[in-house]
Amino acid sequence: TLPDPAYLRVATWNVAAINNNPFEYWITHDDPKYNQMMQDVQAFLDEPGAADVAVSTVLTEAMLGELQAKMTEAGWDHVDEAVAEWRSQYAGRQIIAGFMKDKDLGKKRLMSMPDRTTNTINLASGQTATRPTAINCYGAEFASMEQWWAQWKGFMFDTKLSLASGKEATPSQLVGKISRAKYPALTEAEEAMSRPLSAICQAAFDGILVHMLNTVGGGAHKDTWQPMRRQMCVALNSRKTHRTLAILSRSYADSDAIFLQEVSGAMVAQLREHPKLSRNFSLHVAPNDGKRDQISVLLLSRSRFDHASATSLNPAFDALLAGLGGDVPVAPGDVLVLSATDALTKQTYVLASFHGDTDGLATVPVVKTMAQLLAKQPAGTRHVF
């Protein structure tokens with residue numbers, strides 16, 4: 001049947017491209033070894049007892065020195081200050097009570113921010129490169145902490161990658177400064193040294209996870225958790241984009257507009273090539289820097305919208321956002337804004353897809369900016385956000 005011109009059929013989906021951790025949820029699994037491992041991990045996190053050793057026994061002083069040398073060699077700023085901060089504030093903490101359960105570390109994003117950019121990296125080949133850690137689908141294995149560290153250090157600083165964005169970089173070059181405007185738990189000093197400090201925290205975080213999985217349950221899972229992870233990745237993660245596109249093309253193909261958030265660069269490429277979706281929809285992608293797999297996207301029905309009328313309003317939006325003053329916590333790719341004309345009714349729409357942040361700090365400035373932008377549009381313009 002023909003669509004009712006009085007309505008738009010829309011769908012929105014945050015596809016969470018950055019979530020590549022097969023251990024993020026306790027899933028239903030047929031293998032009793034999986035359930036036992038998860039129970040042992042939970043018991044360890046709840047009551048680590050004497051096994052709650054100092055962080056410096058996992059990320060050792062020798063490892064810290066090697067990491068310091070790598071960051072200095074790469075030309076990073078504030079490396080010595082970050083190492084001094086690590087030694088005085090973090091190295092002596094207990095791995096669970098003092099580090100993994102520290103809510104302030106989470107608020108400061110000293111592990112999660114570098115994890116966003118280096119966990120799973122989309123390559124120009126269409127493949128991915130993964131950091132040596134327990135919380136992704138890293139393909140190789142490490143039989144010891146020494147092997148893990150050698151692989152981690154080599155991946156981060158010595159592996160040159162051809163990125164999906166067309167640029168070449170080592171994973172460490174994707175680690176950036178963390179904005180205090182977006183994460184106000186950071187002090188000014190921590191913001192200044194956040195690049196090297198977050199790299200150290202990420203190394204410690206990854207090392208603690210490997211140490212934990214190797215030792216919980218009396219070491220019962222040391223030889224099984226990595227093969228088990230590989231099996232879970234095949235079942236849950238490796239075909240995530242394929243399954244997402246299948247759902248969109250099967251269940252939402254009759255939509256007039258599909259708003260997507262946290263889309264990966266690899267998924268954008270596959271959207272362009274998908275036989276059904278590319279035939280039925282025009283693809284519009286938020287301007288982005290290629291560093292973060294958190295891109296906002298719009299799919300507009302070719303039968304409903306005049307493709308030639310689609311015009312990006314991001315330059316106007318960005319100018320208005322900057323006019324609010326201060327450091328607004330909106331990153332490249334978070335917001336896509338465009339205008340387009342309904343081919344059936346000749347109605348003009350402003351359509352926006354927006355990826356908000358966990359604490360909602362970007363919501364108020366983005367909504368204010370959208371209100372200002374709409375006020376500048378011709379009378380009668382409708383808005384879908």
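Is C233 buried or exposed? C233 is buried, at 5% relative accessibility. Here buried means under 20% relative accessible area, exposed means over 50%, and partly exposed lies in between (1.4 Å probe, protein chains only).

This is a predicted model, in which local features need pLDDT of at least 70 and side-chain atom pairs count only at pLDDT 80 or more, while totals for chains, interfaces and linings use all residues. Residues are numbered from 1 along each chain as its sequence is written, and side-chain values use heavy atoms, with hydrogens and water left out.

The disulfide joins C137 to C233, with an S to S distance of 2.1 Å. The angle about the S-S bond is -100 degrees, and the link is left-handed. C137 sits in the loop between β3 (128-130) and α7 (145-158), while C233 belongs to helix α10 (residues 225-236), so the pair ties together parts that are 96 residues apart in sequence. Helices (H or I, at least four residues) and strands (E, at least two) are DSSP runs, numbered from the N terminus. C137 is partly exposed at 26% relative accessibility, whereas C233 is buried at 5%. Another cysteine, C201, has 0% relative accessibility and counts as buried.

Next, helix α9. It runs over residues 194-219, which is 26 residues. At 1.5 Å a residue, α9 should span 38 Å, and its end C-alpha atoms are 35 Å apart, which agrees. The expected span is 1.5 Å times one less than the number of residues in the helix. Helix α9 also bends by about 35 degrees at M212. That bend is the angle between axes fitted to the seven residues ending there and the seven starting there. Of the 26 residues of α9, 21 are buried, so the helix is largely enclosed by the rest of the structure.

Now a polar contact. The term means a pair of N or O atoms within 3.5 Å; within protein, one must be able to donate a hydrogen and the other to accept it, and residues adjacent in sequence count only if both atoms are side-chain atoms. The side chains of D102 and R93 make such a contact at 2.5 Å. D102 is in the loop between α4 (95-100) and α5 (103-108). D102 counts as buried, at 19% relative accessibility.

Salt bridges come last. Each one is a side-chain nitrogen of Lys or Arg within 4 Å of a carboxyl oxygen of Asp or Glu. The whole structure has 13 of them. One of these joins D158 and K70, whose closest N and O atoms are 2.9 Å apart. D158 lies in helix α7 and K70 in helix α2 (residues 61-73), so this pair ties together parts that are 88 residues apart in sequence.

What does D256 pair with? R9 meets D256 in a salt bridge of 3.7 Å, N to O. R9 lies in the segment before β1 (10-14) and D256 in the loop between α11 (240-251) and β6 (257-263), so parts 247 residues apart in sequence are tied together. R9 is partly exposed at 37%, but D256 is buried at 2%. R304 also bridges to D256, with closest N and O atoms 3.3 Å apart. R304 lies in the loop between β8 (295-301) and β9 (311-312), so its pairing with D256 ties together parts that are 48 residues apart in sequence. Both R304 and D256 are buried. Through shared partners, salt bridges join R9, D256, R304 and D342 into one network.

Technical notes:
A disulfide is a pair of cysteine sulfur atoms within 2.5 Å.
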